[in-house]
Amino acid sequence: MKKYLAFVLSAALIFALAACGGETGEFVSVPKNSETAVVSRMEEIKYDLIPMVMVDGEIYLDTGRESKITARCGVMDGEITSFVDGSERPSKDGQSNFGSGYGYQRLDENHIDICINGKWMTFVKEGYTEPEAETVAVSRFGEERSVALSAEDSAAVLAVLDGITNWENVTADCLNDCVIEFRGAKISYHSDCGTFNDGANERSFTVTEGEREMLNAVLKKYIALGFEP
């Protein structure tokens, strides 16, 4: 890539000098070492790397995501105490390539949150591959066309479904207005009363009012809830 850029810059230099010489009718020679000079200049140019930090001998990379954790303790697990240029990789613990003085907290063995300018940003261990987000789809009851929810909205719906531990062993007698598809399963949902009906397993569950309001706020982004008169 550098050789290509050097060639392009050299060609441009030759053209410019030739043009200048053409104005006086004189030939202008180009030094033979011009390409070497251009390559030398390219070597001096540095490019910033992705923000990263070294903690316990491991490099953690900025995901660009603000942490979703809202309640956390005020005790830091550590602090970034030194930094290198943005074009370099940290080489010792507590060192970053974007500054110092930032506190951090460990989330798990693969993630840390760093407080940067009042915002908690999530960093992931280098080499760790984030699992693909689970996707939830929703459709109007009785309609085949379904719409996939965003990763954030899918996670919100799954958090409610995964939190159900005491299903009623009977389906509820209510008017379902939408169907939720997830992990290869389909369950019906009545947005007016907040009831899930799992017909395949003959069970049902009614969420809390707060959960119903949250679910409805998410689902109505994608489909119309309720029934038209």
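This is a predicted model: local features need pLDDT of at least 70, side-chain atom pairs count only at pLDDT 80 or more; totals for chains, interfaces and linings use all residues.
**Stop 1: the main core.** Start by selecting Val157, Ile180 and Phe196, the residues with the most contacts inside the largest nonpolar core, which has 21 residues. Now colour α3 (151–162), β11 (178–182), β12 (185–190) and α4 (209–219); each of them supplies at least two residues of this core. The top contributor is α3, with 4 residues. Next, centre on isoleucine 180: beyond its neighbours within four places in sequence, its contacts include Val136, Val138, Val157, Tyr189, Phe196 and Leu219.

**Stop 2: aromatic rings.** There are 4 aromatic pairs in the structure. Show tyrosine 189 and phenylalanine 196, a tilted pair with 5.1 Å centre to centre and 40 degrees between the planes. Tyrosine 189 is buried at a relative accessible area of 0%, and phenylalanine 196 is buried with a value of 0% too. Then move to Phe98, Tyr102 and Phe123, which form one aromatic cluster.

**Stop 3: helix α4.** Select Arg212, Leu215, Asn216, Val218 and Leu219, the buried residues of α4. Turn the view until you look down the helix axis: these buried residues fall within an arc of 160 degrees, so they line one face of α4. Among the elements covering them are β9 (137–140), α3, β11, β12 and β13 (195–198).

**Stop 4: arginines over rings.** Pick arginine 203, whose charged end sits over the ring of tryptophan 167, 4.2 Å from its centre. Arginine 72 lies over the face of tryptophan 120, at 4.0 Å from the ring centre. Stay with arginine 72 for the next stop.

**Stop 5: salt bridges.** The whole structure has 9 salt bridges. In one of them, arginine 72 meets aspartate 113, with the closest N and O atoms 3.0 Å apart. Arginine 72 is in the loop between β2 (58–66) and β3 (78–79) and aspartate 113 is in strand β7, so the pair ties together parts 41 residues apart in sequence.

Now select lysine 221 and aspartate 153, a bridge whose closest N and O atoms are 3.3 Å apart. Lysine 221 belongs to the segment after α4 and aspartate 153 to helix α3, 68 residues apart. Finish with aspartate 162 and arginine 183, where the closest N and O atoms are 2.8 Å apart.

Note on methods. Residues are numbered from 1 along each chain as its sequence is written. Side-chain values use heavy atoms; hydrogens and water are left out. A nonpolar core is a set of buried Ala, Val, Leu, Ile, Met, Phe, Trp, Tyr and Cys residues joined through side-chain atoms within 4.5 Å. Buried means under 20% relative accessible area, exposed over 50%, partly exposed in between (1.4 Å probe, protein chains only). Contact means heavy atoms within 4.5 Å. Rings of Phe, Tyr and Trp (its six-membered ring) pair if their centres lie within 6.5 Å; planes under 30 degrees apart count as stacked, over 60 as edge-to-face and the rest as tilted. A charge sits over a ring if NZ of Lys or CZ of Arg is within 6 Å of the ring centre and within 35 degrees of the ring normal. The arc is that of the directions from the helix axis to the C-beta atoms. A salt bridge is a side-chain nitrogen of Lys or Arg within 4 Å of a carboxyl oxygen of Asp or Glu.
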